[in-house]
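Got your viewer open and your selection tool ready? Follow along and we'll go from stop to stop, with something to pick at each one.

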Amino acid sequence: MMRAKNTTADTKEKPSRCSAVNHSRDYFPGQSSKSFPFSRNDSLQNGKSLHLKALSLMFILSLPNAIEGSDSSKRINRCPLRHSSTISRPPLILGHRGASFHLPEHSLPSYRLALELGADYIEPDLVPTSDNVLVALHHVDLNLTTNVHTYNNGQFTSRARQAPSNNDEWGYYVHDFTWDELQLLSVRQRFKESGARSEYFDDLFGIPSFSQIVSLLHDWNTRELPLIGRPSEKTGGVPGLYVELKRSQFFQEDANISLAEMFLDELANHPKASELLFDHVTLCEGLRYDEYRVPPLVIQSFEGDILEYLRGRFKERWMDFVEEDALLSSLPSSPTWNDDSTDNSTGVEDDEVDHPWIPPLVLLVDLTTCQSTEFWFEVGKLHIQGLGPAKECLLPSPSDIQSGNTMYIDRAKRLASEWVAKAHSIHGLAVHPWTVRLEMERHGSAGGVPEIFSSAEEELRYYFCDLKVDGIFTENIAAATIVGAEGCDDAIKDDVKSQEAAEWPQVGKGGPVCVKEERSLWFFGLAFGAIGAFVGSVMTCYLSGLLHKRGYCGGVMPDQALSPVEVITTTTEDGIDDESEML
């Protein structure tokens, strides 16, 4: 094969459509066409190589989004309440009033035991005293879980009264007592009907303040937990605080006490609150698609207007909660943190992006509320990140269970699955039902294990595996932790069912894989990514060849006049140039 140099003499004569135009004189002055280092075929090969490299790079960079399907342009500063589907971990375990099956609820030992058993959250219910101290108590009436009626031979009996804002019910209302008076009282086990809970710990522990609970959690996370080993940094982090503001409207009407403002004041004044509950401004910034941290603080309430009020107040008082170091490290290059600022690509204000110091907010709902025709419409108006439905919202009705009609029971379970799916897919909300207890309902324990399940473990598998909830309130942390760790493999479920099927009907036959199913998402992501890369390569080559064939060579149109430059062609022994042969 010979290399011949043809010189175009006639400036009016159009060159061959796809002649290799030598631009070496423009880019390499003084270098002749003979010494130009790249041939036309080299250029084409290099172009194709660049296309393939670019597509490969795009494929690799798009893997996380292909798997997760999320908007990569969204910068998340706050720890999300609902973890990504790429995270292989069980649902969150929420210690309902601590480990309240074992120890009296809302006591410091109960919270401590829940942490030792592996709870992701401890959950205090907060109520006020008359001297503006927040304490943990489930009910506004002290007589339900304390010895207030019998203390010191009835020292406080004269303090019982009726409350017009509480349907004129008699009680020892907590906001009629000072913090010093409450410290004289002791707590007792609340649920005694079934006889399954021990009373040996009654009257041994006192009522804790919110400040004491924050200190307990801080000491556990910073002092004790490092000594016994931390959970995986990628899939959990350290336990958090899941606070419920109890009966805010009642305290406002009965004693003109703003429970929300008291809560904000105590957060601002506690010396460890900023480090414990608000350092997630930096902890959770820039989390990868395979990383997850438990949000340090979550706030729940049955009253949606209180959640909205708190959201606004957190935006106004954020400097009271966030330490300067954490704030400075979280600010963008051009900070514009104010009530109207946005820091995301959509231009729409987003708390997770623009106000990361606002904790996730969860609306609690009872059976009447969750079945309301306007429920989802009202939910759509709130700036919340989760729903806490009563578990009755996700179970067959007592009449369906008593009838034993499997068609009704299956229909109720299907509706429950659709309810959770709607919260997830349409509203983007986490779902944390309440509450799983060990006692069987058939033994007279209200709120215990329904009769369609043989045990609390089976009930937990129903929520975890069939409904795919994001977390569960439970009073026995160990049982929930074990079920979550087992996952939802059909083999495990079938083995358990085979042992329990003799007496009680089963739930969730052939249920989907719950925890380990996320592995399959990698295969789907890789498959779709590979298909996309292949199709993109084919289309790129096709379009490049098409444009080249039609004369769009190096950006030169066919009818454009070319200046007299040297054109290099290669001629074979048959007199046909390689260029025409390739075309």
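Select Cys370 and Cys393 and show their side chains: a disulfide joins them, with 2.1 Å from S to S. Keep in mind that you're looking at a predicted model. A disulfide is a covalent bond between the sulfur atoms of two cysteines. Look along the S-S bond and you'll find -105 degrees about it, a left-handed link. Are these two cysteines, Cys370 and Cys393, buried or exposed? Both are buried.

How many disulfides does a search of the whole structure find? Two, so let's visit Cys465 and Cys488, whose sulfur atoms are 1.9 Å apart. Cys465 counts as buried because its relative accessibility is 1%, and Cys488 counts as buried at 2%.

Next, select helix 4 (residues 108-116) and helix 6 (residues 210-228): their axes come within 11 Å and cross at roughly 30 degrees. That angle makes helix 4 roughly parallel to helix 6. The crossing is right-handed. Finally, show the side chains where they meet: helix 4 brings residues including Leu108 and Tyr111, and helix 6 brings residues including Leu216 and Trp220. The contact's residues divide into seven nonpolar, one polar and three charged.

Definitions and conventions: Residues numbered from 1 in each chain as written. Predicted model: local features only at pLDDT ≥ 70, side-chain atom pairs only at ≥ 80, totals over all residues. Heavy atoms only, no water. Axes fitted to C-alpha atoms, helices over the stretch in contact; angles between N-to-C directions. Helix = DSSP H or I, 4+ residues; strand = E, 2+ residues; numbered from the N terminus. Parallel < 35°, antiparallel > 145°, perpendicular 65-115°, else oblique. Left-handed = near helix turned anticlockwise from the far one by under 90°. Contact = heavy atoms within 4.5 Å. Nonpolar A, V, L, I, M, F, W, Y, C, P; charged D, E, K, R; others polar. Disulfide = S-S within 2.5 Å. Buried < 20%, exposed > 50% of the residue type's maximum accessible area, 1.4 Å probe, protein only.
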